[in-house]
Amino acid sequence: MTLEYDVAIVGAGVAGLTAAIYSSRARRRTVVFERELVGGQIATTDRVENYPGFPEGIGGLELAQRFQQQAERFGAELRYESVESIERLPDGRFRLVTTAGDYRAAAVIVTAGAQHRKLGVPGEQEFAGKGVSYCATCDGAFFRDQDVVVVGGGDAALDEGIFLTRFARSVTIIHRRAQLRASAVLQQRAFANERIRFLFDTVVTAIEGGEVVERVRLRNVRTGEESVLPAAGVFIFIGQVPNSHLLAGLVELDEGGHAKVDLEMQTSVPGLFVAGDVRWKAARQLVSAAGDGATAAIAAERYLQEHLGPPPLEG
């Protein structure tokens with residue numbers, strides 16, 4: 001049996017759960033599909049201190065659970081199923097095929113997020129959340145007066161490295177090439193910062209420690225020389241991989257694989273919206289993901305009003 005919904009949301013991260021809150025609260029029958037962990041990346045963050053309303057901070061998993069509870073309170077359904085394909089039907093509705101069934105929806109919001117590109121070295125996974133981070137804005141304050149390293153040479157690496165100097169005693173930026181890829185403005189700021197130093201032609205070969213990160217092992221790619229650098233934190237910024245495989249061939253993607261949307265999160269396909277890290281030009285922050293989800297749901301509601309009319313009255 002094919003189940004019918006007004007709104008289908010692909011991904012139960014912050015953007016998806018926020019969209020679910022807005023859509024279900026608007027009395028639209030809403031389903032959220034999630035193949036892994038509710039909350040997405042935020043659920044793996046030990047402590048969140050930059051989300052409004054929590055002056056003392058809050059655990060990432062707890063915050064994700066609160067988002068879920070709020071969405072379900074208004075009637076959103078959560079299904080732990082992986083969406084295999086999305087197809088727009090001739091009547092304008094969408095067909096979603098999952099690992100467990102076949103669904104129809106009048107509007108679809110894709111909030112599948114993105115995955116941080118990993119170094120793939122020993123210790124990276126073991127120390128995730130224990131010194132290994134992919135977000136300086138999220139975790140920088142935990143490293144006050146400590147020595148940290150940043151891996152990468154693009155805009156994100158330098159921007160986040162500069163941000164870390166607000167807290168860390170020193171920031172060592174490790175780049176595998178002889179020259180940075182970041183913009184000239186960011187390079188100028190980074191080179192002028194007394195707390196930042198650079199190691200070029202160098203790669204991290206291992207991240208080590210006890211309960212938390214204590215050091216990184218390095219190798220110079222030109223000379224082969226190996227060394228050890230003490231560090232309390234390792235911030236990795238070597239790019240993100242958007243989970244946009246469902247959108248390939250359906251909507252326009254940029255060179256990095258992010259979906260192109262307008263200011264209302266609308267794609268080139270009517271009724272199909274994309275929000276959060278999987279869209280282009282995303283700020284990649286918790287609060288902006290929530291804003292994206294709300295924007296997409298509001299735009300989807302306008303779309304549904306035009307095509308379905310208002311939802312039926314309760315009772």
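1. Helix H4 (residues 155-164) has as its buried residues Ala157, Leu158, Glu160, Gly161, Phe163 and Leu164. Buried denotes under 20% relative accessible area, exposed over 50% and partly exposed in between, with a 1.4 Å probe and protein chains only; helices (H or I, at least four residues) and strands (E, at least two) are DSSP runs numbered from the N terminus. The partners of these buried H4 residues are helices H3 (136-139) and H5 (184-192), together with strands S9 (147-151), S10 (170-174), S11 (196-199) and S15 (233-236).

2. The model is predicted: local features need pLDDT of at least 70 and side-chain atom pairs pLDDT 80 or more, while totals for chains, interfaces and linings use all residues. Residues are numbered from 1 along each chain as its sequence is written, and side-chain values use heavy atoms, without hydrogens and water.

3. Strand S6 (residues 102-110) contains Arg104, which is buried at a relative accessible area of 16%. Beyond four places in sequence, the contacts of Arg104 (heavy atoms within 4.5 Å) include Glu4, Tyr5, Arg93 and Arg95.

4. Asp102 is also found in strand S6. Its side chain makes a polar contact with the side chain of Arg95 at 3.0 Å; such a contact is a pair of N or O atoms within 3.5 Å, where within protein one must be able to donate a hydrogen and the other to accept it, and residues adjacent in sequence count only if both atoms are side-chain atoms.
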